[in-house]
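Q: I am new to this structure and would like to learn how to read it. Please take me through it one feature at a time.

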Amino acid sequence: MSQRQVLQVFEQYQRARTQFVQAVAELSARPQNAETLRSAGVMSLLRPLLLDVVPTIQQTAALALGRLANYNDDLAEAVVKGDILPQLVCSLSEQNRFYKKAAAFVLRAVGKHSPHLAQAVVQCGALETLAICLEDFDPGVKEAAAWALGYIARHNSELSQAVVDAGAVPLLVLCIQEPEIALKRIAASTLSDISKHSPELAQTVVDAGAIAHLAQMILNPDAKLKRQVLSALSQIAKHSVDLAELVVEAEIFPVVLTCLKDSDEYVKKNGATLIREIAKHTPELSQFIVNAGGVAAVIDCIGSCRGTVRLPGIMMLGYVAAHSENLSMAVIVSKGIPPLCTCLVEEQEDHIKAAAAWALGQVGRHTPEHARAVAVANVLPTLLSMYMDTHSSEDLQVKTKRALKNILQKCTYLPALEPLLHDAPPNIMKHIVGQFSKSRFQETFLLSIQPGSHSVEEEGRERAISCLLASSSLAVLVGAQRDQGNEGCLPICVTEISSFFSSILLGVTT
């Protein structure tokens, strides 16, 4: 047998390996083939091909494994149990850029499914090798490595800390300064995944100088990059006042407000989320946002979008209003109540309705003036209806109940309360009647008190009840409750009112 004939045997073997691995890679691109390939033992057949002498075969084998592991956690678990990861990691730093990208794809595909699988990637020593890949000359390798690190870090603080310990954060900050947009996106996303878990991890990202570089990219024309930049800044700002102030000091206002008018809905949502995470911390930060025009911009954003995109803006208004009377009035003056009422009526998801109810309660809870501003929007019947609706979620019922209580305890605008008299349950009715007693009968009752009379408190209770029952509004209330068979509510109402007047009498006599 000649030398040529001997070499032909090896050439045929190489062609057969190439044809096999290419066919498997093509088949693995279709989800319906995944289980069939697994049943045929494809994992054990691909594993030796990762060390093949032909680079193309190595790369294609890694690509096929990545595609299979990407489908579900069972296939990813099969990759782990097949001892494929150590082999990948071992050759990752030695091979060409095509293999590095394919190997990083496998690590990402395995680590994305669960903390358990991500931990398996960490235990095989992949983080240090991936961090080295962040320094590679090829931007595609950097992108693949950053993506894999992000999928590992997003699971929990322990895995995120492992990524930090591997020295990845400074290299990721360098990656966001690279000219390639795709690399910027993935690096910003990974920094966001690291920052979200704890103040300490967010501080690590801040110490690497990330905020200044992220803030500069808020006006980048690429929508997908802006999404990730805004998300990263939000994840940093949410943890503490100090971190939020560092984000503000990067001069993101008023630039970030332009994102609320972006054509991309996720840019809008992430922009509103960033403003919310800053506003929630202190009255001073909320006032800064108000002065920058942030409240008006968020209100416009809420009115121009639908669904979950509205949610962070709704919550931002609630946080601002909760801090103080003046900030709540800023929301009112900026005409923030009508959009919140619209969200309460239009939205289908209970968690969005609950957020709108909570925000309205924060606006109206400070003074009678604030409560009246909410009440004149005719939102109280809607809140009551949602609270009493048996189909409402538990969270929505809790939020509407608290909002009603917050508003009713301050509301002295009786025309807005009268529609509630017929339908309100006893636990809400006592707040309504309490306001009627304070607003309508206080002056009459005080004038009827004779100083120095005997048993002043007892006489006061009797006169309070007489005055109330003589009132036309109370007559409507009593009649409505009796018509509905709610006589049990009346003693609660009368007790509430008479105890109020008793407190007035004690104040007068002393």
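Q: Which helices are included in what covers the buried residues of H22?
A: A word on the source comes before the reply. This is a predicted model, in which local features need pLDDT of at least 70 and side-chain atom pairs count only at pLDDT 80 or more, while totals for chains, interfaces and linings use all residues. Residues are numbered from 1 along each chain as its sequence is written, and side-chain values use heavy atoms, with hydrogens and water left out. Helices (H or I, at least four residues) and strands (E, at least two) are DSSP runs, numbered from the N terminus. The cover of the buried residues of H22 includes helix H19 (283-291), helix H20 (294-304), helix H21 (311-323), helix H23 (337-346), helix H24 (350-364) and helix H25 (368-375).

Q: Which residues of helix H22 are buried?
A: Buried means under 20% relative accessible area, exposed means over 50%, and partly exposed is in between (1.4 Å probe, protein chains only). In helix H22 (residues 325-333), the buried residues are Leu-327, Ser-328, Ala-330, Val-331 and Ile-332. Just after H22, Lys-335 has a positive phi of about 65 degrees.

Q: How many helices and strands are in the protein chain, and what percentage of its residues count as buried?
A: The protein chain has 33 helices and zero strands. It holds 510 residues, of which 51% count as buried.

Q: What share of contacts in the protein chain between residues at least 6 apart in sequence join residues at least 24 apart?
A: A contact means heavy atoms within 4.5 Å. Of the contacts between residues at least 6 apart in sequence, 71% join residues at least 24 apart.

Q: How many salt bridges does the structure hold?
A: A salt bridge is a side-chain nitrogen of Lys or Arg within 4 Å of a carboxyl oxygen of Asp or Glu. The structure holds 14 salt bridges. In one of them, Glu-178 pairs with Lys-142, and the closest N and O atoms are 3.1 Å apart. This pair links distant parts of the chain, 36 residues apart: Glu-178 is in the loop between helix H12 (168-175) and helix H13 (181-195), and Lys-142 is in helix H10 (residues 139-153).

Q: What is the salt-bridge partner of Arg-185?
A: The partner is Asp-222, with the closest N and O atoms 2.9 Å apart. Arg-185 lies in helix H13 and Asp-222 in the loop between helix H15 (210-216) and helix H16 (223-237), 37 residues apart.

Q: Are Arg-276 and Glu-277 buried or exposed?
A: Both Arg-276 and Glu-277 are buried, and their side chains meet in a salt bridge (2.6 Å, N to O).

Q: Which residues form the positive surface patch?
A: Patches are made of residues with over 30% relative accessible area and no salt bridge; like charges are joined within 9 Å, and nonpolar side chains (Val, Leu, Ile, Met, Phe, Trp, Tyr) within 5 Å. The positive patch consists of Lys-401, Arg-402, Lys-405 and Lys-430. Helix H27 (residues 394-408) gives the largest share of the patch, three residues. Arg-402 is in helix H27 and counts as exposed because its relative accessibility is 54%.

Technical notes: Accessible areas come from the Shrake-Rupley method with a 1.4 Å probe; for residues, only the protein chains shown count as cover. Lys and Arg count as positive and Asp and Glu as negative; His and the chain ends are not counted. The place of a charge is taken as NZ of Lys, CZ of Arg, CG of Asp or CD of Glu.
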